[in-house]
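Please take a moment to look over the sequence and the model before reading on. The notes that follow go through a few residues and then the ligand.

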Amino acid sequence: MDIKPFMSIVVAMDENNTIGHNGKIPWAPLPTDHYWFLTHSTTTKDPLKRIALILGRKTFIDTIAFFKKYVPRWHFIVLTQELPGIFYEKYSNINRNQTDVVNTIDQAAYRAKELIETPDSMIESAYLFGGVIPYEQALERDYVKRIYLTRIFAKVPDCDTQVSKFDLNNFQRIKRPKDELLAEYDDKIIEENGWTYQFQVYERKNV
Ligand SMILES: NC(=O)c1ccc[n+]([C@@H]2O[C@H](COP(=O)([O-])OP(=O)(O)OC[C@H]3O[C@@H](n4cnc5c(N)ncnc54)[C@H](OP(=O)(O)O)[C@@H]3O)[C@@H](O)[C@H]2O)c1
């Protein structure tokens, strides 16, 4: 299968491209940001369809715990170095019909494409939720079509989870047409819980 850029990244990053610290988000809860990324990553044109979320094992475990009520809206493609059988045994409470386990970003992209393109598929599109290596590899491999970036205007010191290769040279910042979902938020600057941030949307050039 020839894979052209197709997936969307959602990510909140500070000015050092920091995304986390100690397994958590290194800024206060930002309700408008939650609304932004959850709305984008759960809304489908066809209400009967769902979205495939591609994510590293740590982000997967956090996502199903913190965003429980949204879980039915997603099909998970989880990256791990474990064999699927061992992974399912370890996390015996996860729904296997809703969770694919893969070992490389290429397998994740192929699986997502396959799910989207299968005739009568119930999966409409794919979002990449992190963490560091999945973001870096998907960008490197040219799988990413759009980036929904929440830029936190700060340099949070002493954080352990940073994206080092986040090259936007092949992307252009866009302002979406008004009829697109939450387009009115594009470029908006928000001040919340002591943090200032902005919603930015980037699209792959020449797709
Ligand atoms: N700000 C944001 O938008 C955002 C988004 C997501 C996460 N976060 C934060 O980032 C941190 C978690 O991210 P993280 O980068 O540390 O971890 P992660 O990518 O969520 O999970 C790491 C694990 O995923 C598996 N994995 C990742 N890439 C793989 C690949 N290419 N092939 C095979 N397995 C792969 C491995 O699992 P195994 O160990 O099972 O082999 C690895 O140990 C947390 O602090 C979280 O709060 C922030």
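The side chain of D167 has a polar atom that lies 2.9 Å from the backbone nitrogen of N169. This distance, like every other value here, comes from a predicted model, and the points below are grouped by topic.

- D167 is found in a loop, namely the one that runs between strand β8, residues 161-162, and strand β9, residues 171-174.
- With a relative accessible area of 47%, D167 counts as partly exposed, because that class covers the range between buried, which is under 20%, and exposed, which is over 50%.
- Computed along the chain as a count of residues, D167 and I116 are 51 residues apart in sequence, while in space their C-alpha atoms are 27 Å apart.

- Q198 belongs to strand β11, which is made up of residues 195-204.
- Q198 has a relative accessibility of 10% and is therefore classed as buried, since the cut-off for that class is under 20%.
- The side chain of Q198 takes part in a polar contact with the side chain of Q200, at 2.9 Å, and also in a polar contact with the side chain of R173, at 3.4 Å.

**Contacts of the ligand**

- The ligand is surrounded by 25 residues, and the closest of them are A12, R57, T59, T80 and Q81.
- For T59, an N or O atom of the side chain is 2.5 Å from an oxygen atom of the ligand.
- For Q81, the atom concerned is a backbone N or O atom, which lies 2.8 Å from an oxygen atom of the ligand.
- For K24, a polar backbone atom is 3.1 Å from an oxygen atom of the ligand.
- The ligand taken alone exposes 920 Å², and 83% of that area is buried by the protein.

**The pocket and the shell around the ligand**

- The place where the ligand sits is the largest pocket.
- Two or more residues of the shell around the ligand come from each of the elements β1 (7-13), β2 (18-20), α2 (57-66) and α5 (132-140).
- Among the contributors to this shell, α5 provides the largest share, which amounts to five residues.

Definitions and conventions. Residues are numbered from 1 along each chain as its sequence is written. This is a predicted model: local features need pLDDT of at least 70, side-chain atom pairs count only at pLDDT 80 or more; totals for chains, interfaces and linings use all residues. Side-chain values use heavy atoms; hydrogens and water are left out. A residue is near a molecule or strand if one of its heavy atoms lies within 4 Å of it. A polar contact is a pair of N or O atoms within 3.5 Å; within protein, one must be able to donate a hydrogen and the other to accept it, and residues adjacent in sequence count only if both atoms are side-chain atoms. Accessible areas come from the Shrake-Rupley method with a 1.4 Å probe; for residues, only the protein chains shown count as cover. On a 1 Å grid over the protein atoms alone, a cavity is a set of points where a 1.4 Å probe fits but cannot get out, and a pocket is an open set with protein on both sides within 12 Å along at least five of seven lines; lining residues have an atom within 4 Å of a point. A molecule sits in a cavity or pocket if more than half of its atoms lie within 2 Å of its grid points. Helices (H or I, at least four residues) and strands (E, at least two) are DSSP runs, numbered from the N terminus. Buried means under 20% relative accessible area, exposed over 50%, partly exposed in between (1.4 Å probe, protein chains only).
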